[in-house]
2 protein chains.
Amino acid sequence: MKIQYLLFYTLLFGVFSYVNAQENLDFSGKKKIVSPEIKGKNVTFRLFAPQAKTVKLQGNWMTGTSSESDGMELKKDPQGIWSLSKDDFGADIYTYSFFVDGVKVSDPNNSYQVRDVSSVMSMFLIEGPESANYKVQDVPHGTVSKRWYTSKGLKAERRLTVYTPPGYESSKEKFPVLYLLHGMGGDEDAWMTLGRAAQILDNLIAQGKARPMIVVMPNGHTSNSAAPGESSRGFYPIDMVTPDIFSGDMENYFNEIIDFTEHNYRVKQNARNRAISGLSMGGFHALYISANQPKTFDYVGLFSPAILPPENRKSHIYTDLDTKLQEQKASTYQLYWIGIGKTDFLFKQVEKYRQKLDKIDFKYQYLESEGGHTWSNWRTYLNDFLQQIFK
Amino acid sequence: MKIQYLLFYTLLFGVFSYVNAQENLDFSGKKKIVSPEIKGKNVTFRLFAPQAKTVKLQGNWMTGTSSESDGMELKKDPQGIWSLSKDDFGADIYTYSFFVDGVKVSDPNNSYQVRDVSSVMSMFLIEGPESANYKVQDVPHGTVSKRWYTSKGLKAERRLTVYTPPGYESSKEKFPVLYLLHGMGGDEDAWMTLGRAAQILDNLIAQGKARPMIVVMPNGHTSNSAAPGESSRGFYPIDMVTPDIFSGDMENYFNEIIDFTEHNYRVKQNARNRAISGLSMGGFHALYISANQPKTFDYVGLFSPAILPPENRKSHIYTDLDTKLQEQKASTYQLYWIGIGKTDFLFKQVEKYRQKLDKIDFKYQYLESEGGHTWSNWRTYLNDFLQQIFK
């Protein structure tokens with residue numbers, strides 16, 4: 001085997017010496033800098049930057065904003081390699097960036113990156129019981145599809161992500177459906193990339209802790225037809241805020257997504273087999289979609305929901321919430337799940353909303369976690385919610 | 001509408017001032033640096049780096065390797081913004097990185113990145129007739145699925161990408177299948193990300209230039225079950241070379257992929273409706289898979305195929321090629337397509353292979369393009385090949 005490689009390398013090196021325009025090939029075998037180097041709960045970050053005056057690290061585990069001032073300083077060795085070690089990472093997925101003389105960069109030695117809103121960051125996973133469901137494990141895997149449905153109301157072909165459980169294609173069974181919604185900076189890819197939803201589902205189903213189900217993840221920005229770069233708008237600068245927020249369109253036309261799903265997949269078509277949940281703006285959507293059609297979903301999950309003052313919202317979707325909640329209370333609903341972090345900027349709004357629910361004796365399950373408005377929390381919430389629906 | 005936004009911002013700003021741990025939210029409305037700024041065929045690259053001593057740009061349109069020495073220098077303005085403009089980009093997709101005081105970084109103002117082997121680079125698209133098929137256009141879109149099949153031979157669950165044409169799900173029709181293989185540094189995602197295969201297919205099908213077809217993109221590294229990060233190996237450092245190369249396993253167990261496809265999709269099951277093509281290592285695979293079973297594929301595409309000396313290859317797959325080609329020549333094959341760039345490091349090997357084919361009067365179509373071993377060429381080759389198969 002090794003002789004074959006040597007021959008192969010020799011041939012390639014020979015031609016490489018006089019030819020260029022070969023893309024991203026690297027047969028050099030050069031010893032690369034390992035970053036991040038993970039040993040249990042200890043992580044060492046490294047960057048080769050002999051000319052830099054300062055190199056800092058900013059990670060999502062640090063409190064504070066993503067400005068450089070909050071970063072931790074790396075130390076330079078005589079070879080020009082900057083490094084920093086940190087102990088005691090909990091089991092989770094983390095994101096980070098370097099600041100090289102003030103310029104925010106991803107770790108060039110880490111091929112694994114993830115985009116959140118408009119930022120692309122390096123990522124790593126610390127293993128442990130709490131993150132085991134975020135890993136691809138040797139269990140049967142569901143299928144993840146990017147599909148387009150026609151919205152007559154929005155006059156657009158729109159992209160969505162569909163997870164079908166392992167064995168879906170070869171069975172004749174019908175399945176329950178969870179509609180899983182993203183936040184204001186997200187799109188139909190976010191629950192797959194940052195949320196690790198496919199891994200969480202594969203693992204919980206394999207463990208017998210979640211029922212096999214279909215999960216439909218639409219794009220919650222009705223002014224977009226697809227995630228950035230995936231529509232005919234091309235590669236445009238990504239904005240947090242789009243003109244569709246509070247328009248009521250997502251809630252208004254949501255039945256098109258249900259119809260599409262129920263016509264195109266083998267689905268149990270009743271409230272007992274429908275769930276809806278979402279994070280932040282998606283929690284806001286889940287709240288109003290379920291309140292406006294109280295007979296549609298028996299399971300509702302609000303993850304750090306963006307329950308914001310209703311002033312000036314003109315759509316009928318947002319009026320008479322109290323009456324609608326009374327109807328929902330009287331429905332067949334099985335679980336109304338609310339989760340929020342103690343330092344989430346939406347904590348007080350959620351507290352007020354819980355008081356409203358308490359006042360009318362609307363039963364819900366409440367999880368108050370540490371931390372703020374973070375994917376770490378939303379992965380945990382999904383992992384919890386999935387184990388309680390369709391039971 | 002605007003009043004609603006203002007209310008919303010006010011609320012958010014209010015809470016932002018005293019709360020932290022909110023992830024990647026940016027309501028600041030700060031004017032961001034635009035990079036790359038594209039005006040027709042002119043592109044301006046910018047980076048805010050007031051402390052840097054040098055900032056260089058390295059793009060895939062430059063000849064040479066990806067080392068810093070070949071980069072173009074940016075100039076700094078009094079505000080600390082470095083910039084560089086370049087004219088006359090042809091219509092295509094491009095990738096680039098900055099070197100900030102020698103450190104290779106992606107453009108932090110460009111959210112669009114793509115990974116090739118282990119490098120993650122910023123990307124942009126220049127519009128024009130030659131790149132129109134690489135863009136998402138307002139045409140019907142096929143579905144792209146990530147699915148897993150069981151390989152008994154390799155004793156593994158393995159991930160593949162499947163493109164089904166627009167309307168597949170709602171029709172009862174059977175479709176032809178193209179098996180599309182990646183190169184040595186690639187995986188089952190590469191034709192989708194770097195190759196823009198879904199866009200090329202959607203567009204050619206909409207134009208009536210390609211037949212609606214299913215395209216199956218397996219992972220050509222038989223020692224891997226999925227792309228980096230998508231298997232239980234987790235987020236490991238990516239290597240160009242894996243122990244499976246030249247083992248014959250990909251060719252040997254390829255019928256498992258055909259069987260999976262023909263059992264799970266509505267497929268026309270005959271040679272006239274099967275095509276196989278691949279780039280570089282995938283071209284090598286396509287050559288040997290088709291030569292070893294001459295009655296299976298009527299269409300074969302070799303894109304910059306890695307036709308390398310056969311010494312020490314032990315598998316029966318690689319022996320007696322001349323005899324096998326004679327059988328293939330006598331088969332019902334319709335198209336044997338070879339494309340290579342004039343400066344490709346494999347040019348001479350392909351030339352020798354063509355001489356071998358010429359000697360036995362084996363008919364093939366040959367495209368000699370400018371440039372080297374690049375995705376720019378492979379996108380072009382796919383665009384050409386797709387228009388000639390299943391006709």
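Two strands are taken to pair if DSSP finds at least two bridges between them. By that criterion, strand S15 (residues 274-279) of chain B pairs with strand S16(B), to which it is joined by five bridges, and the two run parallel. The model described here is predicted.

**Chain A overall**

- Chain A contains nine helices and 18 strands.
- Of the 391 residues in chain A, 50% are buried.
- Contacts in chain A between residues at least 6 apart in sequence join residues at least 24 apart in 72% of cases.

**Strand S16 of chain B and its burial**

- Strand S16 of chain B spans residues 299-303, and five of its five residues are buried, so the strand is largely enclosed by the rest of the structure.
- In a regular strand, side chains alternate between the two faces of the sheet.
- In S16(B), B:Tyr299, B:Gly301 and B:Phe303 point one way, while B:Val300 and B:Leu302 point the other way.
- The residues on both sides of S16(B) are all buried.

**Strand pairing around S16(B)**

- Within S17(B), B:Gly339 is the bridge partner of B:Phe303.
- S15(B), helix H6 (residues 281-292) of chain B and S16(B) together form a right-handed β-α-β unit.

**Packing of helices H6 and H7 of chain B**

- The axis of H6(B) comes within 8 Å of that of helix H7 (residues 321-329) of chain B, and the two cross at roughly 70°.
- Angles of 65 to 115 degrees count as roughly perpendicular, and H6(B) and H7(B) are therefore roughly perpendicular to each other.
- The crossing of these two helices, H6(B) and H7(B), is left-handed.
- H6(B) contributes B:Ser290, B:Ala291 and B:Asn292 to the contact, and H7(B) contributes B:Leu321, B:Lys324, B:Leu325 and B:Gln328.

**Packing of helices H3 and H9 of chain B**

- Helix H3 (residues 197-206) of chain B packs against helix H9 (residues 375-386) of chain B at an angle of about 30°, and their axes are 10 Å apart.
- H3(B) and H9(B) pass each other in a right-handed crossing.
- The contact involves B:Ala197, B:Ile200, B:Leu201 and B:Leu204 from H3(B), together with B:Arg379, B:Leu382, B:Asn383 and B:Leu386 from H9(B).

Technical notes
Residues numbered from 1 in each chain as written. Chains lettered and ligands numbered in written order. Predicted model: local features only at pLDDT ≥ 70, side-chain atom pairs only at ≥ 80, totals over all residues. Helix = DSSP H or I, 4+ residues; strand = E, 2+ residues; numbered from the N terminus. Buried ≥ 20, exposed ≤ 12 C-beta atoms within 10 Å, placed from the backbone. Contact = placed C-beta atoms within 7 Å. Right-handed = clockwise from strand over helix to strand, strands pointing away. Axes fitted to C-alpha atoms, helices over the stretch in contact; angles between N-to-C directions. Parallel < 35°, antiparallel > 145°, perpendicular 65-115°, else oblique. Left-handed = near helix turned anticlockwise from the far one by under 90°.
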